[in-house]
Amino acid sequence: MTGDMQMNAMTDQGGYVTEDGRKIGGVMMEMKNITLRFGGVVAIKDISFDIREGEIRAIIGPNGAGKSSMLNVISGFYNPQEGEVWFHGKRRAPMKPYQVAQQGIARTFQNIALFEGMTVLDNVMTGRLTQMKAGMAAQALWWGKAEREEVENREFVEKIIDFLEIQNIRKTPVARLPYGLKKRVELARALAAEPKLLLLDEPMAGMNVEEKEDMSRFILDVNDEFGTTIALIEHDMGVVMDLSDRVVVMDYGKKIGDGPPDEVRNNQDVIDAYLGVAHD
Amino acid sequence: MEPVSKDAGGLTSVPALLDRNAQRFGTKPAYREKEFGIWQSWTWAETREEIRSLALGLLNLGAGPGDFIAIIGSNRPHLYWSMVASQMVGAIPVPVYQDSAAEEMAYVLDHCGARFVIAEDQEQVDKVIDVQEGLTNFEHMIYLDPRGMRKYDHSRLHDFAHIQEQGHAARDELSPELDRRIAGIGYDDTCVMLYTSGTTGKPKGVVLSNRNIIETSKNSSEFDHLGPGEEVLAYLPMAWVGDFIFSIGQAYWSGFCVNCPESAETMMTDLREIGPTYYFAPPRVFEGQLTTVMIRMEDAGKLKRWLFKTFMEHARKVGPMILDGKPVSAGDRLKYKIGDLCIYGPLKNTLGLSRVRVGYTAGEAIGPEIFDFYRSLGINLKQLYGQTEASVFITQQPDGEVRSDTVGVPSPGVEVKIAESGEVFYRGPGVFVEYYKNADSTASTKDAEGWVATGDAGFFEPDTGHLRIIDRAKDVGKMADGRLFAPKYVENKLKFFPNILEAVVFGNGRETCTAFINIDLNAVGNWAERNNIAYSSYQELAGHPQVLDTIQSHVEEVNRSVAEDEMLSGCQIHRFLVLHKELDADDGEMTRTRKVRRKIIEEKYHDLITALYDGSDRIATRTEVTYEDGRKGYISATLDIRDAKVMPAMTARVAAE
């Protein structure tokens, strides 16, 4: 079957080694000729690219280029009208959000989506829900398996709290936190799900320089410590060029560039569409 | 519990005290650290094993007598163990301020010729790697937190846990050598070397012997009846002598437990959870806590505010007297008991000070109102006067003889004398051995008979025998007309206002005094919020006319109080300005312990000082600032200069009469 052959070809593709010595593995996710339409509007037009194991992959482009739509296709929230999404060598069928989470994909949102009235700790604990197996009665009584699970999961969550240095706000309700910290809490919740693939929708939006530096360090550390593959959308060019291994550039729903940051930076189409023309 | 001093004779090193504690208090906690949201603890027996494993690992790396081992990081059990392990192998631990910039760190590492560095995390490791080229003796670095370190070249870099594992694996071969080295540590061998932050010039390495540390720990533990039941929270910099005495010297001598907070930001929560019985904090921590309480009380309901006000008034009246054991009427006692039940007790609990039996503050003058607030709650807060060169203690206040304007009587075993010039001298068992590789400074500070110059001017109160410190001896000067100029005295009075964070007074050799003022962003920001005053930056708030009015009223109040003191009435402030940036250690304007560096400020802001004296109303200026990552930038501002009302000097009136 052609499917099998393609699968072999994909897994056989060797990875590469980055400048700083990280080993990037084979293809984890492949988007093939994706087209996404909302009524008459074509949001994404015939785009193909792949994401490799252990990679930090950025999607950039001007406003309205279709970046967030692309991320929603990757996360399985949107189903493209045309094209195929291949994940771990299998073609992916349309899925419910919880099935996406079970597949090991977690995300953060452009507009923070946390439970504002709950504490940081409780918010991050919700990220562990997919790992909890005890029944409702046991959880309500906090008995037996439920208690064991809670303790195990709390330990895991505490490690993430330590990792992201948010110990001092552990018991603070999210509504009382400043924006930059809320972003970090969202990242913590996504990490709590132990994702294989982490999707970040504008992780630096609205942050000051110091917060951006902190967030960049956390993204690099997550990738390094947990080996998490990361796909991110970001407007700050400096951040994108520093962080990512490969960059996809979109404009008006089309892909106009794909490659390592330096290559993309010098691509004339990209300069025209985005980097050069936007501000002068 | 009883002090353990009696049977500790003959123990002449910290490792020897560790062995005794592991035997006597084997199952009692020696260290706790909050990690992953839970207090993890180590008993004295476990602590001994941990430290020995590390020491064996250091032997394995080739550490030996005469080596210096720099220790850089925040208060963590592992880093305290590193100090003791260094001593075990015969090396000298040198704790370094963890917030030092790379160049400052390079100076210290180069000056002591550190062969090994034990660093807490990537941040510290990076700083050392940045400067390692220039360090001739540097060989190996050990890090505690492996996060982010995977990709580093590990030929000279080691994981703390691996060093311990290697040490443990080699215990059969190396233990006899380790025991031999521990037995070989003499009473006059170096225990630790601490760098003074230095208000002027480069830091100096103060060499303290085992005798210095152990005698001081013994005397001071007996003075305050410290026993193995004490709990302390270790949160002040490890490179500061006080932390070494409290968290190692006294802790090992008395066998009490050292608790390490989860992170610097969680310190207040951790304080509440631990409830220390023995507590030290510099005045600014007490000030900060009081400000928080007052701000939160203003947000409370009417009834609560009334209760707080009523009972705090009563506490101020009788609280300190009850604490000092003075006679107080039965009615007042009863009212105080009720207050304790409703207000003082819960408040102390919120502050984490419920169990404090002995509390100290030092380093700076503490505002009388702040000091009295804590004492009126029934917290036994006292003052001490000390220096790195004295292994902390020079004078301290005995229970029952506590006042906010003195620093107490000479500590046990310490002699104090006042020289002709007014400078305070001391000698005792805690007096340092020398400044490392700096014989000139040693000779100019310590004379042949062991008397050490403190550099502070002060006098003994004739009726109580308590020492009062006026100012740094070198800062005390004369004004143009010969009157006494004591800037610190006036600055402290200014800083007692919650709105004022820092003040620098000028006037040496001049006709009049003037001042720079830094507002306290917490207090003033809260006031602005309350009064619907919008501001977007520190600079904007600092230049707000209403803020300037408030500061002016504070300055004038200080002038009134200064005028009452005949000797110092010349120090009234005629003109002042509010600075557009906070004075910062990163810019070299303050020391790491937040003491103002006058020389540097005078040079850096000479344009502002000129404007203060030439009568202009405003001045435009541009100032260099250093960001946390070491980059530099500039901020520009136009500052208003205000005139303050000055009281007629008392001397003039006295002369007229």
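What follows is a short chat about a sheet in chain B and the domains of chain A in a predicted model.

Trainee: What should I know about the numbering and the model?
Mentor: Residues count from 1 along each chain as its sequence is written, and chains are lettered from A and ligands numbered from 1 in the order in which they are written. The model is predicted, with local features needing pLDDT of at least 70 and side-chain atom pairs counting only at pLDDT 80 or more, while totals for chains, interfaces and linings use all residues.

Trainee: OK, in what order do the 4 strands of the open sheet in chain B run?
Mentor: β2-β1-β11-β10, with mixed pairing. Strands (E, at least two residues) and helices (H or I, at least four) are DSSP runs numbered from the N terminus, and two strands pair if DSSP finds at least two bridges between them.

Trainee: Which strands stand at the edges?
Mentor: β2 (38–43) and β10 (231–233) of chain B; each has a single partner strand, so one side of each lacks a neighbour in the sheet.

Trainee: And in which sense do β1 and β11 of chain B pair?
Mentor: Parallel, over 3 bridges. B:Tyr31 sits opposite B:Val258 in β11(B).

Trainee: Switching to chain A, how is it divided?
Mentor: Into domain 1 (1–104 + 196–215 + 230–280) and domain 2 (114–194); the bounds come from an automatic or database domain assignment. Their centres, taken over C-alpha atoms, are 28 Å apart.

Trainee: How many residues are in contact there?
Mentor: 8 from domain 1 of chain A with 6 from domain 2 of chain A, contact being C-beta atoms, placed from the backbone, within 7 Å.

Terms used. Contact = placed C-beta atoms within 7 Å.
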